[in-house]
Amino acid sequence: MAAATLSSLPADGNATAIFGRKKKARTPETPAVAEVPADTLVIVTEPEAVPVEAEVPKGCTPDADTARIEPAFTLPTASAPGFGFTRTETEHVKFSNYDPFCADGSPFMVAFAEQDFCYPYKGKFLSGYGMRGRSMHAGVDIKAIPNDTIRAAFGGVVRLSRVYYGYGNCIVIRHNNGLETLYGHNSRNLVQVGDTVRAGQPVSLAGRTGRATTEHLHFEVRVQGQHFNPNTVLDYDRQCLQNGVLVVSRRNGVIAASRLNSGDTLENAFPAPGNAPLYAENTINGTIPPPPPASAATIAQPSGSAPSSSTVYHTVVSGDTLSGIAVKYKTTVTRLCQLNHIDRNAILPLKKKLRVR
């Protein structure tokens, strides 16, 4: 009998008709796995199953009909097969390899009104951001009841969850809006690297692990591993998210953040020679309404009056506060706010000139 050829095989590949017996089917070969660099830890995330009865604190998330902003970058969704963090990112707070900035390097913005947000822990304010003697306190401390629930401020993916030096049990979450938040001194971490969390979801229990003298939450806000004042994001008095828009810039590798209210300009937020007065975007109404042309100057003079020779200005330096400046110039915070058209909770950008008299 003539030898069978490949072309003479039945269309279904069954060799029984030719050779008279059916051969055992072979097990399909395992597909080759792409090589991954040794320093990369690939975390495969599954679509999060959120039970209908899952507890979300009242006021933590807006209504479903609320408009959403286009995120600075995209986090994994159910259609994404995985999310990769380098091993260094999962082991160190300061190393964060992502870039939320625009392609041309211009600042990115976070419209607070459009965020799903939950205040991480509603406790007593203990201490804020700034120098403590010769060391820098990189976040805000909030008193907590031992083993009480700490919640994620925004939705995102857990980048770090481990014991980390003076932070004790520490968690870092990377968010869709370009920010990262840190939760330190936990008695126990409830999430692991690669977990997808939503705003208001429990992530840890309050404690005093690490370098801490009492049970509290140490909370930080970072971009690309660099910290900045959490008060630009959190309103400590009302225990909620700030108003306005957060603008984050990067110059020579250094991150700076400032909060803008309606009518503020990027020039006021980040003073620099030749900086154009661009108005920040508001994703609800399109733009933050610009101030009338007459008030476009940094410090507006009263109508019909010439600049006074007795006018005094103060240039903001690191560590300045409105109350401190008021004491220095023997005036009041209320008067400073009136002279400079700002509110009492305004963030003072470095090198900004404030009128004090």
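User: Which residue stands opposite Leu205 in β14?

Analyst: The model is predicted, so local features are taken only where pLDDT is at least 70 and side-chain atom pairs only at pLDDT 80 or more, while totals for chains, interfaces and linings use all residues. Residues are numbered from 1 along each chain as its sequence is written, and side-chain values use heavy atoms, without hydrogens or water. Strand β14 covers residues 202-205 and pairs with β12 in the antiparallel sense over two bridges, where strands are DSSP runs of E with at least two residues, numbered from the N terminus, and pairing requires at least two DSSP bridges. Across this pair of strands, the residue opposite Leu205 is Arg188.

User: In what order do the three strands of the open sheet that includes β14 stand?

Analyst: The pairing in this sheet of three strands is antiparallel. Because β8 (149-151) and β12 (188-189) each have a single partner strand, they stand at the edges and one side of each is left without a neighbour in the sheet. The order of the strands is therefore β8-β14-β12.

User: How many bridges join β3 to β19?

Analyst: These strands belong to another open sheet, whose three strands follow the order β3-β19-β20 with antiparallel pairing. Its edge strands, β3 (108-111) and β20, each pair on one side only. Between β3 and β19, which run antiparallel, the number of bridges is four.

User: Is Phe125 buried, partly exposed or exposed?

Analyst: Phe125 lies in strand β4, which spans residues 125-127. Relative accessible area under 20% counts as buried and over 50% as exposed, with partly exposed in between, for a 1.4 Å probe and protein chains only. Since the relative accessibility of Phe125 is 40%, this residue is classed as partly exposed.

User: Which residues is Phe125 in contact with, leaving aside its neighbours within four places in sequence?

Analyst: Contact here means heavy atoms within 4.5 Å. With the neighbours within four places in sequence set aside, the partners of Phe125 are Val140, Asp141 and Tyr236.

User: What distance separates the C-alpha atoms of Phe125 and His216?

Analyst: Phe125 belongs to strand β4, and along the chain Phe125 and His216 are 91 residues apart. In the predicted model, the separation of their C-alpha atoms is 9.6 Å.
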